[in-house]
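Let's take a walk through this structure together. Have the sequence handy and get ready to turn the view around as we go.

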Amino acid sequence: MHPLIRTILQRLALGGVALFAVSVVVFSALEFLPGDFATSVLGRNATPETVEAFRDELGLNLPPAERYLGWIGGVLRGDLGHSFAGRAFTPRAVSDIVLPRLANTLFLAAITAAIAVPVALLLGLMAALYRNTRFDRIVNAATLSTVAMPEFLVAYLVILVLAVKLPAFYAMSTLSPGMDLTEKLQAVALPVLTLSLVIIAHMMRMTRAAIIGVLASPYIEMARLKGVRPWRVILRHALPNALAPIVNVIAFSLAYLVVGVVVTEVVFVYPGIGQTMVDAVRNRDIPVVQACTLIFAATYILLNLLADIISIATSPRLLHAK
């Protein structure tokens with residue numbers, strides 16, 4: 001078997017084990033959440049018999065191991081279960097709740113990645129090429145300031161400047177099915193800007209560090225002695241050899257755009273999967289929380305697996321331990 005294929009299969013197996021471990025941790029953590037869904041829905045004035053009957057209907061009185069096996073078995077069949085919210089009136093499948101919100105989050109992530117990744121790579125390459133210049137110092141100071149600020153603070157500053165002082169955009173990012181692409185882009189402008197500022201700083205600094213580390217190599221010095229232009233040295237010789245750490249940080253950033261957007265979605269009231277999970281935790285809607293966390297874990301594992309495969313493919317020496 002080819003070493004790359006063997007490595008991919010090994011990483012897929014490890015990813016499956018990690019996803020199983022995450023499912024166990026998520027299910028166990030939800031067991032320790034304070035409060036009870038049946039009590040919160042029926043109210044404190046409900047009789048114990050009514051509460052117990054409602055818990056029996058939801059399956060909450062079953063042993064934890066039996067409930068976990070039932071849940072994970074449904075997930076393997078593609079059935080995420082039914083939401084607890086509104087169960088007494090019109091039961092809704094968890095997939096009908098989560099998947100449209102996941103599509104909104106993926107839309108936000110795609111727009112952010114299309115802007116942030118090229119900008120971060122360009123700034124990182126320029127900072128490495130012109131290191132220790134005024135441009136390098138300004139870019140480093142700006143990125144360090146962004147990294148030092150919490151994400152919610154960046155979001156509120158963006159709202160203050162671009163939605164309050166200069167009312168050019170909406171402070172709340174609401175989407176509706178009838179909106180065209182232009183209206184959607186205008187609605188997500190501030191969340192995209194917030195997320196871009198956060199991930200550009202990390203990607204730019206990693207790109208700069210990786211390129212500077214490669215520029216100290218002997219073959220780079222040889223290319224310079226041959227009279228190769230600086231940009232050609234960067235693009236043709238330095239960048240391909242620094243691709244592995246850059247790809248890793250891009251994968252982490254893309255995973256963050258799906259997994260770590262909870263704060264941004266809550267601040268801008270964006271109808272994404274992060275906002276859905278927060279609402280589900282507040283309402284003790286266990287099936288929705290389980291589905292959201294499992295999607296987050298699967299996204300993170302798959303993107304890291306993709307980054308590992310690209311790194312190994314671009315650096316064949318990683319295939320061999322010796």
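Let's start with a pair of helices, H5 and H14, which are oblique to each other. This is a predicted model, by the way, so everything here is computed from predicted coordinates. H5 covers residues 94–129 and H14 covers residues 273–282, and their axes come within 7 Å and cross at roughly 140°. Angles over 145 degrees would count as roughly antiparallel, so this pair lands in the oblique class.

Zoom in on where they meet. On the H5 side you'll find Ile 97, Val 98, Arg 101, Leu 102 and Thr 105, and facing them from H14 are Ile 273, Gly 274, Gln 275 and Thr 276. Sorted by class, that contact has 4 nonpolar, 4 polar and 1 charged residues.

H9 brings Leu 195, Val 198, Ile 199, His 202, Met 203, Met 206, Thr 207, Ala 210 and Ile 211 to the contact, while H12 brings Pro 245, Ile 246, Val 249, Ile 250, Ser 253, Tyr 256 and Leu 257. What classes do the residues of the contact of H9 with H12 divide into? There are 13 nonpolar and 3 polar residues, with no charged ones.

Next, the largest pocket. Its volume is about 440 Å³, and 23 residues line it. Nearest its centre lie Leu 58, Arg 67, Trp 71, Phe 84 and Pro 287. Which of the elements supplies the largest share of the lining? That's H4, with 5 residues. The lining as a whole divides into 10 nonpolar, 6 polar and 7 charged residues.

Finally, zoom out to the whole chain. The protein chain has 15 helices and 0 strands. Its C-alpha atoms fill a box of roughly 85 × 60 × 35 Å along the principal axes. Of the 322 residues, 40% are buried. And if you take the contacts with a separation of 6 or more, 72% of them are between residues 24 or more positions apart. The H5 and H14 contact, with Ile 97 on one side and Ile 273 on the other among its residues, is a handy place to look back at with that in mind.

Technical notes: Residues numbered from 1 in each chain as written. Predicted model: local features only at pLDDT ≥ 70, side-chain atom pairs only at ≥ 80, totals over all residues. Heavy atoms only, no water. 1 Å grid on protein atoms, 1.4 Å probe; cavity = no way out; pocket = protein on both sides within 12 Å on 5 of 7 lines; lining within 4 Å. Points joined across faces, edges and corners; volume = space filled by probe spheres on them. Helix = DSSP H or I, 4+ residues; strand = E, 2+ residues; numbered from the N terminus. Nonpolar A, V, L, I, M, F, W, Y, C, P; charged D, E, K, R; others polar. Contact = heavy atoms within 4.5 Å. Buried < 20%, exposed > 50% of the residue type's maximum accessible area, 1.4 Å probe, protein only. Axes fitted to C-alpha atoms, helices over the stretch in contact; angles between N-to-C directions. Parallel < 35°, antiparallel > 145°, perpendicular 65-115°, else oblique.
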